[in-house]
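User: I would like to learn how to read a structure feature by feature. Could we start with strands and go on from there?

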Amino acid sequence: MLFAIEEINNSTDLLPGISLGYKIYDVCGSISRGVRVALALANGNEVLSTHSEAQCARPAQVQAIMGETSSSPCMAIATVIGPFHIPLISHFATCACLSDKTKYPSFLRTIPSDYYQSRALAQLVKHFGWTWVGAIRTNDDYGNNGMATFTETAQQLGICLEYSVSFFRTDPPDKIRKIIDIIKASTSNVIVTFLSHMDIDILIHELSLHNLTGYQWVGTEAWIFDSQTAAMDRHHILDGAIGLSIPKAHVRGMREFMLDVKPLKASSNELFTEFWETLFNCKFQQSESPAVNQSECTGHEDLTGVQNSFTDMSLMPIFYNVYKGVYAVAHALHSILGCNKTCNNEVHLDSFMTIRPQNILQHIRKIWFQTKEGDEVYFNENGDPPAKYEIINWQPTENDIVDFVPVGLYDASLPADKQLKLQNKSLIWAQNSQQVPLSVCNEKCPPGTRKVLQKGKPVCCYDCFRCAEGEISNITDSITCVRCHPEFWSNERRDACVKKEAVFLSYEEIMGALLTAASLLGTCLSAVVAFIFFRNRQTPIVRANNSELSFLLLFSLTLCFLCSLTFIGRPSEWSCMLRHTAFGITFVLCISCVLGKTIVVLMAFRATLPGSNVMKWFGPAQQKLSVLGFTLVQVVICILWLMISPPFPFKNFKEFKDKIILECALGSAVGFWAVLGYIGLLAMLCFSLAFLARKLPDNFNEAKFITFSMLIFCAVWITFIPAYVSSPGKFSVAVEVFAILASSFGLLICIFIPKCYIILLKPEKNTKKNMMGKGPPKSF
């Protein structure tokens with residue numbers, strides 16, 4: 001402060017012609033003493049005697065108060081002098097609570113608020129992946145408020161505190177030993193501190209007694225850059241510590257000024273005289289005989305060779321804060337006095353004494369200037385400066401001296417994702433390790449798992465549960481598993497969704513190939529039978545059973561065999577509509593032909609009775625019309641089905657979890673069952689008529705073979721219904737194809753194979769006489 005005042009008083013640019021004065025008091029860290037001094041300064045009564053009867057009537061003679069160092073005394077002093085609007089500018093009080101202008105309207109500071117430091121510490125801890133930490137704080141406003149803000153920010157970042165304890169340097173030893181026991185019992189390896197340098201010194205001593213090393217310490221600006229604390233740490237408790245520090249500073253001329261200090265023999269300052277004597281182990285001569293073993297102090301001793309806290313320039317950042325505070329007051333006065341090349345001599349401080357502090361406070365809040373080192377100085381609406389910190393790492397050297405190595409920066413004025421910036425430097429951690437220490441309650445949950453909190457434990461303590469089928473997590477420490485899209489399924493590791501296998505009855509698989517082969521075989525057999533019938537169309541066995549209906553039946557059977565192929569392969573819009581309608585129409589055509597042949601047999605038997613002329617009502621034309629009529633009914637049903645709600649390709653995700661069933665949705669279930677019902681109705685009618693004609697006394701009774709074929713047909717389709725409904729996926733399609741093929745083969749074999757047998761192997765029976773011969777009725 002003296003250095004800054006001397007610079008200002010010697011300056012021709014700042015307050016020219018005006019000299020600043022000062023008063024210095026040592027409050028010795030006492031809050032009550034600090035309040036007494038502040039009141040004395042505010043009232044112009046510097047006599048600190050409690051018995052003074054001087055009235056508090058004199059106006060203040062001080063324009064601003066520089067200090068105090070700690071937060072708690074600053075709070076008390078700022079509360080007292082706030083109503084007087086006297087600026088209180090602290091260089092080291094960081095408690096965020098002092099930013100509350102409703103409580104402390106005249107408080108300003110040149111060191112950033114712990115509001116930013118606490119958040120910076122939380123981001124630093126998060127950066128290194130430490131989610132399970134311990135916390136120790138000084139039991140005062142600085143420690144309690146700073147740790148409260150850190151805890152709040154840490155929770156937002158997913159960091160948990162295993163323990164949070166406080167103590168004060170005057171606490172009894174038992175309380176400090178309890179803290180040691182808590183550290184011993186803990187599982188966290190990182191300890192975050194909000195401690196003053198005096199409290200950390202006491203804690204280091206106690207930790208040394210218990211040989212508690214290997215913990216990673218994270219500290220605040222109060223001790224992280226303190227060379228005295230490093231010197232006391234002889235057991236290397238704090239080796240590898242990392243924390244935030246006020247950015248390095250250099251003020252030209254300050255070191256030389258401090259080392260040029262000379263004691264005043266005539267001074268009544270006994271404290272400074274004692275300090276000087278202790279510093280140089282000498283004694284100011286008070287008598288003619290000097291003290292034994294002590295040289296005489298001359299007052300001209302050289303400080304440049306002395307190594308102690310007084311000459312330690314590592315505290316320059318703190319000095320620089322005081323320096324900026326003094327200059328802030330000077331710039332405010334410069335503005336009030338309207339100084340340019342000279343100040344307004346008409347303005348007298350005495351005449352403005354009652355409003356001067358408030359004026360200065362208003363101007364200090366608005367000032368902006370640059371120091372001679374080029375740094376900007378200004379205050380925000382809370383009286384705080386810009387928040388910038390250096391990240392310091394304690395790195396022990398070979399000569400057992402700690403090197404405070406800057407490894408990064410924190411700038412609160414930048415966007416949130418750019419505030420913390422670590423340099424590409426190698427860091428030393430606890431126990432001189434090169435690896436970043438691990439401090440978590442649980443190992444991280446790998447991809448494919450999710451976190452499940454342990455009951456009664458903090459959120460950082462959890463179990464890792466594997467994702468369920470169809471769900472994945474592709475990040476570490478995922479709190480939820482994400483369900484895959486319906487067309488995808490989770491892989492074995494549950495960390496990625498893979499496309500589900502599309503399942504349908506294809507030609508490439510064995511079942512599809514066998515059904516295709518059976519379909520083609522049936523088509524070929526139908527063609528062979530048609531060829532045999534065509535070559536022998538003039539023979540009695542072909543002519544006796546209505547050759548036109550036989551050829552039409554063979555044609556419809558060929559279509560039945562071929563329509564089964566539409567059920568095989570990837571479903572499409574056209575194949576879905578074709579497969580059911582083609583199946584329904586061809587089978588009705590087939591059953592209509594069989595029904596026509598059955599009626600012909602019955603009519604032919606009745607035509608042989610005396611006086612019967614029924615055949616003229618059911619001749620070839622009527623047979624064709626009946627087949628056409630029965631088929632048209634099915635055509636109309638299919639057209640209505642296609643118009644109202646046709647079948648369509650459908651992806652079935654429900655049958656199998658890990659597969660997609662490609663199938664044809666029916667569209668209208670009524671249409672589907674109407675088609676099947678109509679086929680069943682014709683089949684039952686045909687079966688009934690054929691059953692009535694089974695015992696007609698012909699040597700070759702076709703009604704008997706039709707009865708067998710219809711019996712097979714009905715049995716197949718009756719068993720088809722439950723099998724179709726209960727079969728999953730492509731197997732339901734296979735069941736339907738099998739029913740089509742089985743019923744088609746039943747008709748082909750039962751109706752045409754006996755005739756082919758006679759045509760090819762028993763030609764002697766293929767005569768009109770044998771066909772018309774009457775035989776005894778056969779039981780059935």
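Analyst: This is a predicted model. One of the residues to look at is L409, whose bridge partner in β15 is K421.

User: In which order do the strands of the open sheet lie, and what is the pairing?

Analyst: Two strands count as a pair if at least two bridges link them. Here eight strands form an open sheet in the order β5-β4-β6-β7-β8-β13-β14-β15, and the pairing is mixed. β5 and β15 (420-422) are the edge strands, each pairing on one side only. On average, neighbouring strands of this sheet are turned by 25° against each other, direction ignored.

User: Which strands does helix α4 touch as it packs on the sheet?

Analyst: Helix α4 (residues 114-127) touches β4, β6, β7 (216-219), β8 (242-245), β13 (388-396), β14 and β15, and its direction makes about 175° with that of β6. Helix α5 (residues 141-156) also packs on the sheet; α5 touches β4, β5 and β6, at about 135° to the direction of β6.

User: What span does helix α6 reach, and which of its residues are buried?

Analyst: The expected span is 1.5 Å times one less than the number of residues. Helix α6 (residues 173-185) has 13 residues and reaches 19 Å from first C-alpha to last, close to the expected 18 Å. Its buried residues include I176, I179, I180 and I183. Seen down the axis of α6, the buried residues fall within an arc of 100°, so they line one face of the helix. The face turned away from that buried side carries K178 and A185, which are exposed. Among the elements covering the buried residues of α6 are β4 (132-138), β5 (160-167), β6 (190-194) and α7 (197-209).

User: How many residues of α11 are buried?

Analyst: Buried means under 20% relative accessible area. In α11, 17 of the 21 residues are buried, so read the helix as mostly covered. Helix α11 spans residues 316-336 and reaches 30 Å from its first C-alpha to its last, close to the 30 Å expected. Just after α11, G338 takes a positive phi of about 60°.

User: Which residues touch the most other members of the largest nonpolar core?

Analyst: That core has 64 residues, and F583, M710, F713, W717, L747 and F752 touch the most other members. At least two residues each come from α13 (510-535), α14 (540-543), α15 (547-563), α16 (573-607), α17 (620-644), α18 (669-692), α19 (702-726) and α20 (730-761). Of these, α20 gives the most, with 15 residues.

User: Is R493 buried or exposed?

Analyst: R493 is exposed, because its relative accessible area is 59% and the cut-off for exposed is over 50%. R493 sits in the loop between β20 (488-490) and β21 (497-499). Leaving aside neighbours within four places in sequence, R493 is in contact with P447, G448 and R466. For separation in sequence against separation in space, compare R493 with I472: they are 21 residues apart in sequence and 8.5 Å apart in space, C-alpha to C-alpha.

Note on methods. Residues numbered from 1 in each chain as written. Predicted model: local features only at pLDDT ≥ 70, side-chain atom pairs only at ≥ 80, totals over all residues. Heavy atoms only, no water. Helix = DSSP H or I, 4+ residues; strand = E, 2+ residues; numbered from the N terminus. Buried < 20%, exposed > 50% of the residue type's maximum accessible area, 1.4 Å probe, protein only. Arc of directions from axis to C-beta. Contact = heavy atoms within 4.5 Å. Core = buried A, V, L, I, M, F, W, Y, C linked by side-chain atoms within 4.5 Å. Axes fitted to C-alpha atoms, helices over the stretch in contact; angles between N-to-C directions.
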